[in-house]
Amino acid sequence: MTKISIRLVSILIPCVALITSCSNNKSNEESTKAVLDTVSLSNKSFALAYQDGDKIVATSIDTMKQISFGGATDPAISPDGNKLAYTFNDSVGNRSIWIADMENKSQAKLQVNSNNYYGASWSADGSNIAFSIFNKNSIWKIGLIKADNSGYIILDSASNISVSGPTWKNEKEIIAHDLDNLYTFNLTGKLIDTKSINALIGNAYYISSSSIFFYSKDGKKLIFNASNGEVLDGLHDRAEAAYILDVASKKVLPISPKGVHVPFLFVTADDRIFYSGEVKPYTQSKIYVSDLNGNIKTVVDRGSNPTGALK
């Protein structure tokens, strides 16, 4: 199996906006999990995790340090900033989720009876983790497990509905979609609500399996990424952008700049919107953060797939 190497380095610059990723990681060595090394992280927490090429970077504003995870994908930092979930792809094509405790340097694979599950999503209180899982009937479902690695279940396990992009509507409800409908599930796995995506956002937007939906903390807004059919010069597919829907008025407004392709976004439980966006010539993406009013700031000059902690 490919080794996932993790290294912590000091940063000599004062804010996340100027951080460039660490490259001193090792890979392609035989091992089964990552090993945290060098500096103790006791009582430290991280504010942002993102993808940088073939590695994950977790970084903190207050400690001015980074950890890089070589050979890992799908970063998901816990709300308290002390743990990082990531997807590990082995040499025969299996995918699994591991949790790295960045405070005590331990790591553990989620105890899930599957060889294809990925894309962890933490609940706001950090007590549960939702993820995508390919079940025995070859249908994509949502897996749910407690953060202590117990209580694993598959939501809505008996139906033939195949869903993508699980996120947390609140601490007791999870949403996901099948391109046509947005589904809400409770923590027992029951499907409790179905809404037509066209009825929510209109038919001017193209939803793909990479589209993802988040509700704002008060439930009054829906944040998502989708294409409006625009083709940007130099981009080989339809451009996507980040949008906010006002649920009551059904008004949809873009929150990413025109000409920026947004294939991924993440919304923290305190309504900060992180997204990765590419500009022409669309060979590299930056990471931005926005509030619900569309006030945007660049936070990382090279990176994708960001997730943020509650800091």
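Where pLDDT is low, the predicted coordinates should not be read in detail. Across the protein chain, pLDDT averages 83, and 81% of the residues score at least 70.

Some ground rules apply here. This is a predicted model, where local features need pLDDT of at least 70 and side-chain atom pairs count only at pLDDT 80 or more, while totals for chains, interfaces and linings use all residues. Residues are numbered from 1 along each chain as its sequence is written, and side-chain values use heavy atoms, with hydrogens and water left out.

On to the overall picture. The protein chain has 1 helix and 27 strands; these are DSSP runs numbered from the N terminus, with helices being H or I of at least four residues and strands being E of at least two. Of the 311 residues in the protein chain, 50% are buried. Buried stands for under 20% relative accessible area, exposed for over 50%, and partly exposed for what lies in between (1.4 Å probe, protein chains only). Among contacts with a separation of 6 or more, 43% link residues 24 or more positions apart. The protein chain exposes about 13,900 Å², and carbon and sulfur atoms supply 49% of that area, worked out by the Shrake-Rupley method with a 1.4 Å probe, where for residues only the protein chains shown count as cover.

A few spots in the backbone deserve a look. Lys 280 and Pro 281 are joined by a cis peptide bond, with omega about 15°. Pro 281 sits in the loop between strand 24 (273-278) and strand 25 (285-290). Asp 74 is not a glycine, yet it has a positive phi of about 55°. This residue belongs to strand 7 (residues 72-77) and is partly exposed, at a relative accessible area of 22%. Ser 138, also a residue other than glycine, has a positive phi near 60°, and its place is the loop between strand 12 (128-134) and strand 13 (140-146).

Last up is Asn 116, found in the loop between strand 10 (107-109) and strand 11 (117-122). Asn 116 counts as buried because its relative accessible area is 17%. Leaving aside residues up to four places away in sequence, Asn 116 touches Arg 95, Ser 132, Ile 133, Phe 134 and Trp 140.

Terms used
Contact = heavy atoms within 4.5 Å. pLDDT = per-residue confidence, 0-100.
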